Amino acid sequence: MILDKFKLDGKIAICTGTRRGIGRAMTNALAEAGADIVSFDRNDPVDTRQDVEAMDRRFVWKKIDFSTASAEQLRALVNETAAEMGQIDILVNNAGICPREEILDYSIEIWEQSLRVNLSTPWFLAQAVGRIMVKRGCGKIINIGSLLSHQGGLTVPGYSASKHGILGITKSLSNELASKGINVNAIVPGYILTDFTRAINQNEDRNTQVESRIPMNRWGSPEDLQGVVVFLASEASGYMSGTDVAVDGGWLGR
């Protein structure tokens, strides 16, 4: 049965940035499909934990602050998780920040923090998880990009650079890991209504500009990301690797 290929029963998924918005929705989708969840987050994702445990799935929170964590700390946390859970089948690199500042005043601190959280952290986690997945000859790594993986944006050069980089490391990882049974892909969300984007949505002029540019004439919801993350995490996407899937209401195709 084709629907059986979407099942994640018995799988262990590491997800970052699970407390709200897109991260919470994708985490819940993976759990609903059958996966147990390990959340890497700075604060306890209480609501997401309740969601997942209500589905009779395991939920483990590993506390870590990506704005200060070193590569060694990230690798150690991945190894600790593998030892405790017995395996790692899925990694969803979702956590990110998007500080804004006029480009000519853009500070070194904001630039470096954006690259650390949005690019270096996903890279080091993927590398560490990849080492474990290679031993079993299977695994799914899913990186979360952005419309600004393809565009420049305004007042967010660090975010844009990091999200362009996400597609670069997705392709690089795929080039070397696909032959070892590991699928590495990216999701590119469009304008999704979350706390992250609420200020734009509530600004009448900006909201009008955004909606008029989206062929579907509406913002997306976090739930719009659920189908694609389950697909990429499952056997159903077995022949996909090194690509990015836009979930953007048609924005990039316009």
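Visitor: What is the volume of the second largest pocket?
Guide: About 180 Å³. The model is predicted.

Visitor: Which residues are closest to the centre of the second largest pocket?
Guide: K11, C138, G139, K140 and A233, out of 13 lining residues.

Visitor: How do the residues of that lining divide?
Guide: Into 3 nonpolar, 4 polar and 6 charged. Lys counts as charged, Cys and Ala as nonpolar, and Gly as polar.

Visitor: How much space lies in the largest pocket?
Guide: About 1400 Å³. The lining of the largest pocket has 48 residues, and the closest to the centre are G96, I97, C98, Y159 and F196.

Visitor: Which elements give two or more residues to the lining of the largest pocket?
Guide: Helices α1 (21-32), α4 (108-136), α5 (157-177), α6 (198-202) and α7 (204-213), along with strand β2 (36-41).

Visitor: What makes 22 residues of the largest pocket's lining nonpolar?
Guide: Their residue type. Tyr, Phe, Ile and Cys are among the types that count as nonpolar. The rest of the lining divides into 17 polar and 9 charged.

Visitor: Why is N185 called buried?
Guide: Buried means under 20% relative accessible area. N185 has 2% relative accessibility, so N185 counts as buried.

Visitor: Where does N185 lie?
Guide: In strand β6, residues 182-189.

Visitor: What does N185 touch, not counting residues up to four places away in sequence?
Guide: I141, I142, N143, T170, L232, M240, S241, G242 and T243. The cut-off for a contact is heavy atoms within 4.5 Å. Each of these residues counts as touching N185.

Technical notes. Residues are numbered from 1 along each chain as its sequence is written. This is a predicted model: local features need pLDDT of at least 70, side-chain atom pairs count only at pLDDT 80 or more; totals for chains, interfaces and linings use all residues. Side-chain values use heavy atoms; hydrogens and water are left out. Helices (H or I, at least four residues) and strands (E, at least two) are DSSP runs, numbered from the N terminus. Buried means under 20% relative accessible area, exposed over 50%, partly exposed in between (1.4 Å probe, protein chains only). On a 1 Å grid over the protein atoms alone, a cavity is a set of points where a 1.4 Å probe fits but cannot get out, and a pocket is an open set with protein on both sides within 12 Å along at least five of seven lines; lining residues have an atom within 4 Å of a point. Grid points are joined across faces, edges and corners, and a volume is the space filled by probe spheres set on the points.
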